Amino acid sequence: MIATKLFVPTLRRGLVTRPRLVELLRRGAESRLTLVSAPAGFGKTTLLVDWLGRWSGEERSVAWVSLDPSDNEPASFWTYVVTALQGAVPSIGSDVVELIASTPWPTEALLTTVLNDLAAAPGETWLVLDDYHLIDNHDVQDGVAFLLEHLPPHVHVVLATRADPDLPLARWRARGDLVEVRAADLRFTSDEAGAYLAAAGLDLEVQDVEVLEARTEGWIAALQLAALSVRGRDDVRGFIARFAGTDRYIVDYLVEAVLAHQPAHLRSFLLHTAVLDRVTGPLCDAVTARDGGSEMLAGLERANLFIVALDDQREWYRYHHLFADVLRARVLSEQPQLVPVVHQRASRWYEDHGNIEDAVRQALAGHDVDRAVALMEQAVPAMRRNRQDATLVAWIKALPDDAVRRSPVLTVVCSWMLMASGALDQAEARLADAERALAAGPDASGRPWADTQELRTLPATTAVYRAALAQARGDGAGTATHARRALELSAPGDHLARGAAAGFLGFAEWMKGDVSAALSTFTQAVASLRAAGNLVDELSSTVVLADLWLVAGRPGTARRLYEEALALAEARGQPVARATAELHVGLSGLDCEAGDLPSARVHLEAAATLGERAGPSESRYRWFVAMSQVAQAAGDPEEAVALLDEAERLYRPGFFPDVRPIAAMRARVWVAHGKLREAAYWARERRVSVTDEASYLAEFDHLTLVRLLLAQHRQRQDTGRVDQAAGLLARLLEAAQASGRAGSVVEIRMLQALVRDAQGRRPQALESLSEAFGQAPEPEGYVRLFLDEGEPMTALLRDAQRHDVAGDHAGRLLRLAAAFDAEPTSTEPTSTEPTGGRRPQIPPLADPLSERELQVLRLLDSDLSGPQIAQHLFVSHNTLRTHTKHIFTKLEVTSRRAAVRRARERGLM
């Protein structure tokens, strides 16, 4: 972070007061956006600084960002914007910036989190983005449009730009949401020009002022240059009469006139340093190969020579953009060989001062690709460890492809990027490129590789990535082969590579269904990651370890792991926010299964607050899966399916074994709510059959198929279907017991009970139910697994309780089911006293629904899914969930259906 980019620039001496423009800017308080759009040199920044300076004593907060070309990438842009807003609104979560850095493309959900925090902030907040014309990235523009569309009424944005941005200005103008300050407004009037020239120390005749104002057409930069050029001349009137023409001609002419009056060493200093977007004394010394840079900058500021201080300490400066543009054009015309030299020297200076990001940027600007690559190679380990993935992506995109291919380290990074986007074949091709480059050696490229730990461990890293690709393709044997190869290639002290390799060996065992071996191997992987000091990966891997304990039938052990890891993560704070969110998502799943939906929602809200939805795609999908489970348990199948659709869109193979396919989860929702045609179509598309061999990777599909067959039997009384289901379950049970998957055994025994009951074998069904509980190491951890099967299971549980089968487990589940159903469905009185034919008076809500919440409520009583309702209201899905949560709380319900029912009872619909 360059802190000076967040400072409001200081005002130069000789400022001309312009109340007409200040009043125009004040109207911005009535709109979302104030657009200050004019070419260079019209005083946009000066006007904004003057306007903001008049706010002393008012309850307003200002967030300022001076943009530069490096901010055209989403990660950099939003990092600066959110950091600036945090300075103005401290309630904005400090973890948001970290989450921006951990993903190449910040999403609407992340901006929604920022918007929600802004909505809760007291007082007016203004976000000023200076030099917005430097931003032309479509992803950034889309995000800014989303931000502006959903701003709270007390938050306003100001864009200062040389050209109109690619934003829906016409729509906002028609709605009255746009205040515009244009070049015509910014031009100096004759009176303002006279006041400026007088403040500059020039005693000019009125007619000379009028000539200057007419020739420059009120263009402030040209007037400033003219003022500098006129000083010390004997023939002032003749000089004023001589220049004319276009703006660019005037600027070139006047800059030449200004430079001609400067000493040679100052002209050289200006030409050397003008190519840099910001300067400080020591940096100037480095690029000019001279001393005295700090004194030179201070002298330029005293002379009012187009330089702007960026901080109160007067350490960092930038040149006026127009002045810098002309100087750069002059350098490129007269000394083009100087430009790459300056950038290369600046790159070395930034490297020496530990600023690798700016060192890379300067190397790229100086077309020193080899240096940029070497710097990137050195930076990769720390950037990967700190999850600065977005910056890595931007760097790779900025390099020529052949430069990436010549660097094995960057080629492997590129492979990871492709795998994260789901392009598995391209990722594999990049790994092959890296292996060929390693085999050929650095001499083939003409550039020595940076001798880093990353390079030395690259063969092992490549093998780890090949294991990931094999896993993504469902190739368990290939996953194990490549993981073992990675272990062979890694040194004993290379904990990171060994941890990753052990992790994929654990995945391979998991894919086979050998949960005991998977637990042993993956526990070693977590220990290696801990030894490597890679806390984020250690905590994220704990999520996988907890999943394995669930497969082993021990939800209590999984919960203990989650809670211990969460305590560690929260103690570390912001640097591990993403892993903290993943742990919350895991705990929400356990709470949902235990029937504690309020607690599950709390964990999911915590994860959303931490920005889980903006995290890397390999974990983002899990939030939507967990939220879908909550929606299903709350009786909202449409929302559950919509959430699974989003999870499926975000899921990327290669990071987790696909043991619970999202398509099968969706089919289970369909079966539970009678949409058997859709579920049958899934089975055909997936080619799931009762004659398949029992394999763990297909187990979830097969258990979903059993549920479908049971539902079809209940609909058509087709005993052949349940007989087929019984045979499939027998094979699945044998495989699960042989591999120690106690969690699978519980579910299979439970389904066997339902199948036997459907066959008319109630005693055998009760026996299977008893075995389901008896063979579960921690039976108290299972609630929704049984209750989600509906009335057939409830009937079995009642019979089990009546015959004292399975201890108190049946009774416990029945009591929980009764508690879930205890929510009143009517507020009608049970008294027999007459009511005169009228409904009794219902006390008003303690916290009435807002108009927006009433709109949402009416749409909840429709066939629209959650995402469709959000689209209809032009809000994000996350915002819709916030409204829905408030509705549920105010109506004291826990599901969409109950909310509609309660609203009708209260006459709200």
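Is Phe-504 buried or exposed? Buried, because its relative accessibility is 11%. The cut-offs: buried is under 20% relative accessible area, exposed is over 50%, and partly exposed lies in between, with a 1.4 Å probe and protein chains only.

Some ground rules. This is a predicted model, where local features need pLDDT of at least 70, side-chain atom pairs count only at pLDDT 80 or more, and totals for chains, interfaces and linings use all residues. Residues are numbered from 1 along each chain as its sequence is written, and side-chain values use heavy atoms, with hydrogens and water left out.

Back to Phe-504. Its ring pairs with Phe-507, edge-to-face, at 5.5 Å centre to centre and 75 degrees between the planes. Rings of Phe, Tyr and Trp (its six-membered ring) pair if their centres lie within 6.5 Å; planes under 30 degrees apart are stacked, over 60 edge-to-face, the rest tilted. Helices here are DSSP runs of H or I, at least four residues, and strands are runs of E, at least two, numbered from the N terminus. Phe-507 is buried too, at 6%. The whole structure has 10 aromatic pairs.

Next, an aromatic cluster: Phe-77, Trp-78 and Tyr-132. Phe-77 and Trp-78 also belong to a helix contact. Together with Pro-74, they meet Asp-139, Val-140, Gly-143, Val-144 and Leu-147 of α6. Contact means heavy atoms within 4.5 Å. By class, the residues of this contact are six nonpolar, one polar and one charged. Nonpolar covers Ala, Val, Leu, Ile, Met, Phe, Trp, Tyr, Cys and Pro; charged covers Asp, Glu, Lys and Arg; the others, Gly among them, are polar.

Now the cores. A nonpolar core is a set of buried Ala, Val, Leu, Ile, Met, Phe, Trp, Tyr and Cys residues joined through side-chain atoms within 4.5 Å. The largest has 180 residues, and Trp-510 and Leu-797 are among those with the most contacts inside it. A second, separate core has 43 residues, including Val-81 and Tyr-132.

Most residues other than glycine have a negative phi. His-367 has a positive phi, near 60 degrees. Its place is the loop between α19 (356–365) and α20 (369–385). His-367 is exposed, because its relative accessible area is 69%. Asp-804 also has a positive phi, about 55 degrees. That residue lies in the loop between α43 (791–802) and α44 (809–820). Asp-804 counts as exposed, at 62%.
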